[in-house]
Number of protein chains: 2
Amino acid sequence: MSLKEYLAGQTRLVDSALNRWVPDAEAPPRIIHRAMRYSLFAGGKRIRPILCIEAARTVSDETAGVEDVACTLELIHTYSLIHDDLPALDNDDLRRGRPTCHKIFGEAMAILAGDALLTLAFQVLARLECVDDRQRARLVDELATASGTVGGMIGGQVNDLEGEGKPPDPLLLESIHRAKTGALLRASLRMGAIFAGADQAAYDALSCFGEHAGLAFQIVDDLLDVEQSSEQLGKTAGKDAAQHKITFPAVYGVERSHAMAERERLLAHAALERFGPRAARLRELADLIVQRKA
Amino acid sequence: MSLKEYLAGQTRLVDSALNRWVPDAEAPPRIIHRAMRYSLFAGGKRIRPILCIEAARTVSDETAGVEDVACTLELIHTYSLIHDDLPALDNDDLRRGRPTCHKIFGEAMAILAGDALLTLAFQVLARLECVDDRQRARLVDELATASGTVGGMIGGQVNDLEGEGKPPDPLLLESIHRAKTGALLRASLRMGAIFAGADQAAYDALSCFGEHAGLAFQIVDDLLDVEQSSEQLGKTAGKDAAQHKITFPAVYGVERSHAMAERERLLAHAALERFGPRAARLRELADLIVQRKA
């Protein structure tokens, strides 16, 4: 199966899990379920859930139901996008080529839709039947910690906001990105490992892969903001520079940033060595993260 | 011990649990931990956690650690207040007699602080050591469901926003309040019951108590908004009428609303019959909910 076919199949799997867990657009109160679905089903690449699913497959042959775990990562990711796009934060009108949630549903509903997606992620973990309760506790902890203030996504977002306009500092840059996008990407791998019953060594290896793939992802994200158009990205390009964000191109320049992304890709590959051919897809996903154009 | 002494002791117990679980004000990123603590330690009455603790004590003599479970209800409640007070929602400058979170820390940080408290609630449930993993799964489910869109707090908030300016309809009123405040209050009792290993009958009885006490709480909340001053309430009074909210006094008038609150208080008492004297404090708490002046 080609990578393209594989990705299409995984996306369908993730979308079908999301569709099962998110209340129907006709379920009252309709307006918030419509807002949640508007942002969830907006053509996202599902990178986090696919990494989660593939981590599980790298460890085990029995992965039925892993998509239920995986979709919680997309719920968290989507909530963070909705809140990040709000006027009080990044104030963005465009996301995945469409008006942002608050442009369609208003700010109040966008705030509540984000809250609801965040809450739903934990409700799904509480209810899914394909894990035992020890795994469930670990999954809730991974997801909450990766999303939280101490080394997690919210902490990175705060440092990002606070860093605007500050001199481009390499240490601050790395701490922002490890937290803001790295923690949830790493959690994607870890949650797949936990689902599959990975031993400590496999968990650590997948976690290490996640760290490098996550950093590569963010470096490339910063580069795309500089190098691509809004039309190509489906979101406003050139925003980082306009907001004086601390980014990899701002700190290291474009050429060196490309080299750094390539280095992280190779380190991600190296982390997978113990898995041999079982990790072929994960290697392809690391390549894709670095080579993507949007 | 007098009720006043009892409440002071319980508040200290809850505050000490919150203090242990919420990152220190000096932990980076400091700004968000300061914002979270500003709203958490603002003199809240801790009604939800105290109901949770007392529900556990009504069922069992071994309740050490229940305050860790209980404090997650206050994390959720506080996040909901921070987000409700935002300009895009209720646009309130005053809460518990102090400027609201976004007035001090700005809108961006208030949004993120709310997100962080919501996330932390589930992290605490994932990590607390005083329950087994089956109980933990049930606690996560209770808290997420009570906070969610379908019959939960966010759903109630959406219906409340959507109801502004609509004709005062008794059915809409009850559905708003059952969800907006009732669900989390009922969850407080249920989570205490789960912690204490209650059997189904005890869980149902405490749940029934929570429903009636929760409805009484909201009726009285609506009445206080009409009858008390902003100074007495520590938040803006008269707001419901100004925003054309659907409230109990608006639908039934003040006198009939008082009678309804009293009826709910008696139904709450009746739900506790099977517990005999063990439930004395819960009865006092139901009385307090109806008789409070702020």
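This is a predicted model: local features need pLDDT of at least 70, side-chain atom pairs count only at pLDDT 80 or more; totals for chains, interfaces and linings use all residues.
The arrangement of the two copies is considered first. Chain A is superposed on chain B by a rotation of 180°, with 0.0 Å of shift along the axis and an RMSD of 0.0 Å. The two copies are therefore related as by a two-fold rotation axis. Within chain A, the C-alpha nearest this axis belongs to Asp133(A), at 2.6 Å from it. Of the interface residues of chain A, 100% are also interface residues in chain B, so the copies meet through the same surface.

Two packed helices are described by the angle between their axes and the distance between the axes. In chain A, helix 7 (residues 133–147) packs with helix 9 (residues 170–195) at an angle of about 175°, and the axes lie 9 Å apart. Because angles over 145 degrees count as roughly antiparallel, helix 7 of chain A is roughly antiparallel to helix 9 of chain A. On the side of helix 7 of chain A, the contact is formed by Gln135(A), Arg138(A), Leu139(A), Glu142(A), Leu143(A), Ala146(A) and Ser147(A). Helix 9 of chain A contributes Ala183(A), Leu184(A), Arg186(A), Ala187(A), Arg190(A), Met191(A), Ile194(A) and Phe195(A). By class, the residues of this contact comprise nine nonpolar, two polar and four charged.

Backbone geometry was examined next. Most residues other than glycine have a negative phi, and most peptide bonds are trans. In chain A, the peptide bond from Pro28(A) to Pro29(A) is cis, with omega near -5°. Pro29(A) is located in the loop between helix 1 (3–21) and helix 2 (30–40) of chain A. In chain B, the bond from Pro28(B) to Pro29(B) is likewise cis, with omega near -10°, and Pro29(B) lies in the loop between helix 1 (3–21) and helix 2 (30–40) of chain B.

A positive phi is found at Asn91(A), a residue other than glycine, with a value near 50°. Asn91(A) belongs to the loop between helix 4 (66–84) and strand 1 (94–95) of chain A. Since a residue is buried with 20 or more other C-beta atoms within 10 Å of its own and exposed with 12 or fewer, Asn91(A), with 15 C-beta neighbours inside 10 Å, counts as partly exposed. In chain B, Asn91(B) has a positive phi of about 50° although it is not a glycine. Asn91(B) is placed in the loop between helix 4 (66–84) and strand 1 (94–95) of chain B, and with 15 C-beta neighbours inside 10 Å it counts as partly exposed.

How values were computed: Residues are numbered from 1 along each chain as its sequence is written. Chains are lettered from A and ligands numbered from 1 in the order in which they are written. Axes are lines fitted to C-alpha atoms, for helices over the stretch in contact, and angles run from 0 to 180 degrees between N-to-C directions. Helices (H or I, at least four residues) and strands (E, at least two) are DSSP runs, numbered from the N terminus. Angles under 35 degrees count as roughly parallel, over 145 as roughly antiparallel, 65 to 115 as roughly perpendicular and the rest as oblique. Two residues are in contact if their C-beta atoms, placed from the backbone, lie within 7 Å. Ala, Val, Leu, Ile, Met, Phe, Trp, Tyr, Cys and Pro count as nonpolar, Asp, Glu, Lys and Arg as charged, and the others, Gly among them, as polar. Copies are superposed by least squares on the C-alpha atoms of residues with pLDDT of at least 70 in both.
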